[in-house]
Amino acid sequence: HTHTHTHTHTHAQATGGNTEAPQAVGLDKLIAQLRASVVIPHRNPDGPLHFAVDHCFPIKGKGTVLTGTVLNGSIKVNDEIELPEFRVTKKVKSMQMFKKPVNRATQGDRVAVLVTQLDSKSIERAIVCAPGSIPTFSAAIISVERVRFYKALCPSKRKFHMTVGHTTVMATAHFFVLPAAAGTASGAPLLQGPGAGKETAIDLNKEYLLADQLLPSGKDAPLGSQWALIVLEKPVTAPANSLLIGSVLDTDVHSNACRIVFHGRILDTLDPASAAGMAKLRVYKPKCKTGSIKRVVDDTVVIGKDLFKKETDITKFINLKVHIETDSGKIPGYIEGSFGSSGQYRVRCNEPHGLPISKSKAKKGKGKENDDDNEDDSGRGGGKIVLAFKKYMFDSVSNNAKIQQ
């Protein structure tokens with residue numbers, strides 16, 4: 001009683017003699033604001049299971065417990081689940097959430113799953129999924145954005161440390177863009193493609209231009225306008241749309257430099273050993289070669305040289321367009337076929353070229369084309385033969401598909 005009286009007296013002194021409870025000021029508004037600000041995430045039980053395992057331990061006489069978080073879909077007792085990295089399928093024996101038995105867990109739930117006949121020593125972190133739903137792959141197409149704190153060049157065909165989930169492997173990155181995003185010779189800004197500002201799905205019906213390097217996001221490279229093909233040195237297992245981080249972890253840790261180069265999302269997976277599969281990604285590099293006229297056969301046909309090496313398969317270039325540059329202008333034509341065996345070729349013009357016809361020379365052997373380099377009239381008529389074409393970087397299925405215009 002004395003304690004209560006003392007407490008009341010002290011409270012009265014602190015409130016200026018008013019012993020009533022203090023009134024709440026703005027508390028209802030604060031609660032309303034907190035409720036309006038808190039976003040309750042939508043838990044979607046549909047879709048294939050993706051369960052991220054972060055701990056594993058055995059229980060004697062029962063089996064092995066996998067603990068982690070359900071990232072997608074749902075899991076139930078008696079479900080068949082797969083550990084794709086280990087190529088094993090198991091049946092869920094029982095589950096617990098916060099030490100209470102449950103029959104089901106959905107996206108966002110933290111759960112412990114009991115399976116049998118699984119060696120816990122071989123697992124630290126792992127992926128559990130619906131059988132066949134998460135691929136293991138050696139190459140992937142990714143949307144990619146460069147980290148602005150990385151200041152060094154980021155060229156194509158360079159090796160990076162690629163981190164997906166808890167796995168880091170070496171990989172080679174080939175960066176590419178839409179042709180419209182390559183800018184113009186006048187220095188005009190790059191065109192902003194659809195989907196800028198978000199991960200842009202790859203369209204295998206379109207052609208893409210191989211980029212020399214990955215550019216920082218900005219005016220010259222809007223968000224969502226750069227992609228990469230990554231070819232991994234070792235296969236990894238990850239679901240579609242997984243986050244991927246490219247780094248240069250072999251950089252000196254004591255240097256004052258950022259080691260994280262870019263990040264992106266996995267859009268599609270490929271098999272580097274499948275020529276047909278790789279050919280679906282139509283990424284090209286523009287090429288331009290200049291040759292010279294060796295001999296003028298008639299008013300529409302010339303023999304050219306210096307475009308190809310002796311060992312080049314000229315059949316890949318048959319019917320490709322060329323033009324002959326002369327003092328009077330450009331004459332369009334096309335490569336009609338090879339000539340001899342030393343990398344020479346026949347060009348047929350679409351109109352008379354106006355060059356002086358070479359003097360007729362005797363053939364060295366009956367039925368043999370004369371491709372002797374000593375018999376050269378290139379200095380008489382002048383003119384250059386220019387060939388511009390696209391070389392598809394990942395297409396080795398057919399000669400016609402690899403080189404086109």
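## Aromatic rings

Phe 308, Phe 317, Tyr 345 and Phe 389 are linked into a cluster by ring pairs, where rings of Phe, Tyr and Trp (its six-membered ring) pair if their centres lie within 6.5 Å, and where planes under 30 degrees apart count as stacked, over 60 as edge-to-face and the rest as tilted. This is a predicted model, in which local features need pLDDT of at least 70 and side-chain atom pairs count only at pLDDT 80 or more, while totals for chains, interfaces and linings use all residues. Residues are numbered from 1 along each chain as its sequence is written, and side-chain values use heavy atoms, with hydrogens and water left out.

A search of the whole structure finds 10 aromatic pairs. One of them is formed by Phe 176 and Tyr 208, an edge-to-face pair with 5.3 Å from centre to centre and 70° between the planes. This pair links distant parts of the chain, with Phe 176 in strand S13 and Tyr 208 in strand S14, 32 residues apart; helices (H or I, at least four residues) and strands (E, at least two) are DSSP runs, numbered from the N terminus. Both Phe 176 and Tyr 208 are buried, where buried means under 20% relative accessible area, exposed over 50%, and partly exposed in between (1.4 Å probe, protein chains only). Phe 308 and Tyr 345 form another edge-to-face pair, 5.3 Å centre to centre and with 75° between the planes. Because Phe 308 lies in the loop between strand S19 (301–305) and strand S20 (321–326), and Tyr 345 lies in strand S22 (residues 344–349), the pair ties together parts that are 37 residues apart in sequence. Phe 308 counts as buried because its relative accessibility is 7%, and Tyr 345 is buried because its relative accessible area is 0%.

## Salt bridges

Side chains of opposite charge can pair when their charged atoms come close. With a salt bridge taken as a side-chain nitrogen of Lys or Arg within 4 Å of a carboxyl oxygen of Asp or Glu, the count comes to 7 salt bridges. In one of them, Lys 159 is joined to Glu 233, and the closest N and O atoms are 2.9 Å apart. Here too distant parts of the chain are linked, since Lys 159 is in strand S12 and Glu 233 in strand S15 (residues 227–237), 74 residues apart. Lys 159 is partly exposed at 45% relative accessible area, and Glu 233 is partly exposed at 48%.

Lys 390 forms a salt bridge with Glu 207, with 2.8 Å between the closest N and O atoms. Lys 390 belongs to strand S23 (residues 384–392), whereas Glu 207 is in the loop between strand S13 (167–177) and strand S14 (208–210), and the two are 183 residues apart. Through salt bridges that share partners, Glu 207, Arg 282 and Lys 390 are joined into one network.

## A positive surface patch

Lys 157, Lys 285, Lys 287, Lys 289, Lys 309 and Lys 391 form a positive surface patch, where patches are made of residues with over 30% relative accessible area and no salt bridge, and like charges are joined within 9 Å. Strand S18 (residues 283–296) gives the largest share of this patch, 3 residues. Lys 157 is found in the loop between strand S11 (136–146) and strand S12 (158–164), and this residue counts as exposed because its relative accessible area is 51%.

Note on methods. Patches are made of residues with over 30% relative accessible area and no salt bridge: like charges are joined within 9 Å, nonpolar side chains (Val, Leu, Ile, Met, Phe, Trp, Tyr) within 5 Å. Accessible areas come from the Shrake-Rupley method with a 1.4 Å probe; for residues, only the protein chains shown count as cover. Lys and Arg count as positive and Asp and Glu as negative; His and the chain ends are not counted. The place of a charge is taken as NZ of Lys, CZ of Arg, CG of Asp or CD of Glu.
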